[in-house]
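Hi,

Here is the structure I promised to pass on to you. Please open it first, and then read my notes below.

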Amino acid sequence: MMKKRIVLGLLLLLMICCLVLPAMAQPSAVPLTLEDIYSKGIYNRKGYGPVRWMKDNKGYSTLEAAATSRGRDIIRYEAGSGRRSVLVAAAQLIPAGAQEPLTIADYTWSDDNSQLLIFTNTRRVWRYNTRGDYWVLNLQSGKLQQVGKTVPRSTLMFAKFSPDASRVAYVSNNNIYVEELASGNTRQLTQDGNADIINGTFDWVYEEELDCRDGFRWSPDGKNIAYWQSDTRGVGTFYLIDNIDSLYSKPMPFPYPKVGTTLSAVKVGVISATGGDPRWFDIPGDPRNNYLARMDFIPHSDEVMIQQLNRPQNTNKVWVGNTGNMALHNILTDQDDAFLDIHDNIKWLDHEKYFTWTSERDGWLHLYKVSRDGKVMQPVTKGDFDVVSISCIDPQGGYVYYIASPDNYIQRYLYRSRMDGKGQAERVTPAGQEGQHAYQLSTDAKWAIHTFQNHITPDRISLVNIPAHKTISSLEDNHALKARYDQLKLPPKEFVKVDIGDHVILDAWMIKPADFDPAKKYPLLFYVYGEPAGSTVQDNWDGNDLWHQYMAQQGYVVMSVDNRGTKVPRGRTWRKSIYGQIGILASQDQQKAATAICNTYPFIDKNRVGIWGWSGGGQMTLNCMFRYADTYKTGLAVSFVSDQRLYDATYQERYMGLLDENAKGYHDGSPINYAAGLKGKLMIIHGTADDNVHYQSFEMLANELIRQNKLFYMMSYPMRSHSIHERENTSLHLRRTMERYWKEHL
């Protein structure tokens, strides 16, 4: 009996060991630290490219580190076979007398792929590095020559080949130049460019809000150049102040039109590529109360298409202008009761008899085929869904390829529809990869660089054939990043729906602590944006996610909700519902969502609800804190707009209308007017060199809070911009500051 008990005991011990030892052998989670995220960058994802599909559509070029020297080679890969060849070796890019090859910031092939234009030594202009030096490499002769030697170094912008690649045009110090490559002779086409008159590029607001920087176009025959000219005289000057880089403060002026103030006067002209006087299109309307948002030559013609937005941006008049006699003809007028967005999806078809156009006229965002005279408009895509973006228009193959997500607003997939508008939309992305997909298609739509990601999967980039969508090769799978992420053993985002009543269902996500216990009560931290320019609830690999995961591991439940009006493919009614009431409807939706969430999840401590956001999300944070003080106990607003009249006219008037027509909306949507409602804890953070949302907005709110006798916390980052990332240790310091604030006050 004793032996049997011993044997049974040993068997029981063995069973316990078999169960316990594997569990003990499991590696523990790697701690997630702010230093790893913001200082060491060990969670940065890798990309691929940049990729340029070659003109023959049989291969693409990309950049790779040179094997035998410093710098990068330009490599060609055959799409079908994968064969690799060196198109341009880094050694070919060493200028005479230099030791190192040029650093390639960007590159462009000539139309026949015989020459290469290289952008290097770049400088930042507002948000983007658009100024620098350009070099041309002739692939046949091997000659490497610098363009623009007669102008100051690193002042060239938007250099581009003429159609026959015999010349290069560029902008320098607000004037346009043309240089003959064979002789090196340079001609200055415009003479009036200065601090006030801008030729061939744009002022701040056109770049920021209309995505306009490159401001000139070669004619198809190479004889002329059409270009924008902006007259900024009369536009209010805003001054940024640099207090840290010299003994005396340095003012940094730039024209910035605020709500209701004077805009630049912008016009489109044409000038001969050999010089002479410019000729100007006489476009009807006050040039200071309209935008010339797009202009380009119609292929194989001497005509340009110009899109003219009125100041409220609810009417887009499309003009065709003849560069020979400067005659204008209005071929299309698109209108909306709220606002219109500009779409870069125009492709000319059937020997330039038709062009494609994107519109919400049926309540959804779709592509149309329009006759050259504008009299016929036929739908190409159709259905109760939005076309998020156009990937490729392939008239030879008879299809348009586009990104859409009819069944799930937080995901993105590739679809195609017939160009004749017949049949139903066909999904090209195969099932089984839930998340977001992006495609860079060859112009014949036979190949694509495919990028897949979701909230737990960093970019997986591959070459696929279309429409079969068979993977030909893996280009970058970020396996090392994925392995590091998996070692953290973080709970994934949970995507949920929030019913706020009145048949309104909002998308949201939730992140819980790794050691989550449903029997406990947790503080709730909301991350908000809420404006028409973006969305926070998407099934993608989000750069903010690790920050929110970090906060979740500190003991918070973190959530984000997309209110009505955010940029998601839910139709025109959803997106335009916010018109005229920025900060009003959205904060109502956010508060209703917070209430519904607190009532739904018993583990949420409704007495410890915080909210934070950046830019428009900072404004939304303030509106929620001031209007709904009983719901939100703690808030943190970064780089925010406190008074909508302080922001740029183009963005704010697009979504709010004109100030003299909606003064009440501007007042009620601006959190500064409700600062007296603050009850909880508030911290405000701003960069003093923010050229987008000015530090003035921060100081005016601080002044009002002081006037209202409201105590608050504040942090200024000297000479940091809207993103608060410049200079040493900034990103880590910012997150440490935010972390400490939440731990002390939520």
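These notes cover the nonpolar cores, the aromatic pairs and the charges over rings.

The model is predicted, so local features need pLDDT of at least 70 and side-chain atom pairs count only at pLDDT 80 or more, while totals for chains, interfaces and linings use all residues. Residues are numbered from 1 along each chain as its sequence is written, and side-chain values use heavy atoms, with hydrogens and water left out.

**Cores**

A nonpolar core here is a set of buried Ala, Val, Leu, Ile, Met, Phe, Trp, Tyr and Cys residues joined through side-chain atoms within 4.5 Å. Buried stands for under 20% relative accessible area, exposed for over 50%, and partly exposed for in between (1.4 Å probe, protein chains only). The largest core has 88 residues, and the members that touch the most others are Ile-306, Phe-526, Met-559, Phe-626, Ile-684 and Leu-701. Helix α7 (residues 585–600) is the top contributor to this core, with six residues; helices (H or I, at least four residues) and strands (E, at least two) are DSSP runs numbered from the N terminus.

What does Leu-701 touch, leaving aside its neighbours within four places in sequence? Its contacts (heavy atoms within 4.5 Å) are Leu-622, Phe-626, Phe-640, Ser-642, Ile-672, Ala-675 and Ile-684. A second, separate core of 36 residues has Leu-481, Trp-612, Tyr-741 and Trp-742 among its members.

**Aromatic pairs**

Rings of Phe, Tyr and Trp (its six-membered ring) pair if their centres lie within 6.5 Å; planes under 30 degrees apart are stacked, over 60 edge-to-face, and the rest tilted. The whole structure holds 34 such pairs.

Tyr-402 and Tyr-415 are stacked, at 6.4 Å centre to centre and 15° between the planes. Tyr-402 is in strand β29 (residues 399–404) and Tyr-415 in strand β30 (residues 413–418), so this pair ties together parts 13 residues apart in sequence. Tyr-402 is buried at 0% relative accessible area, and Tyr-415 is buried at 9%.

Tyr-713 and Tyr-741 are edge-to-face, with 5.9 Å between centres and 65° between planes. This pair links strand β43 (residues 713–717) to helix α12 (residues 730–745), across 28 residues. Tyr-713 is partly exposed at 35%, whereas Tyr-741 is buried at 3%.

Ring pairs also join Trp-126, Trp-204, Phe-238, Phe-254 and Tyr-256 into a cluster.

**Charges over rings**

The criterion is NZ of Lys or CZ of Arg within 6 Å of the ring centre and within 35 degrees of the ring normal. Arg-52 has its charged end over the ring of Tyr-107, 4.7 Å from the centre. Lys-160 lies over the face of Phe-216, 3.2 Å from the ring centre.

Best wishes
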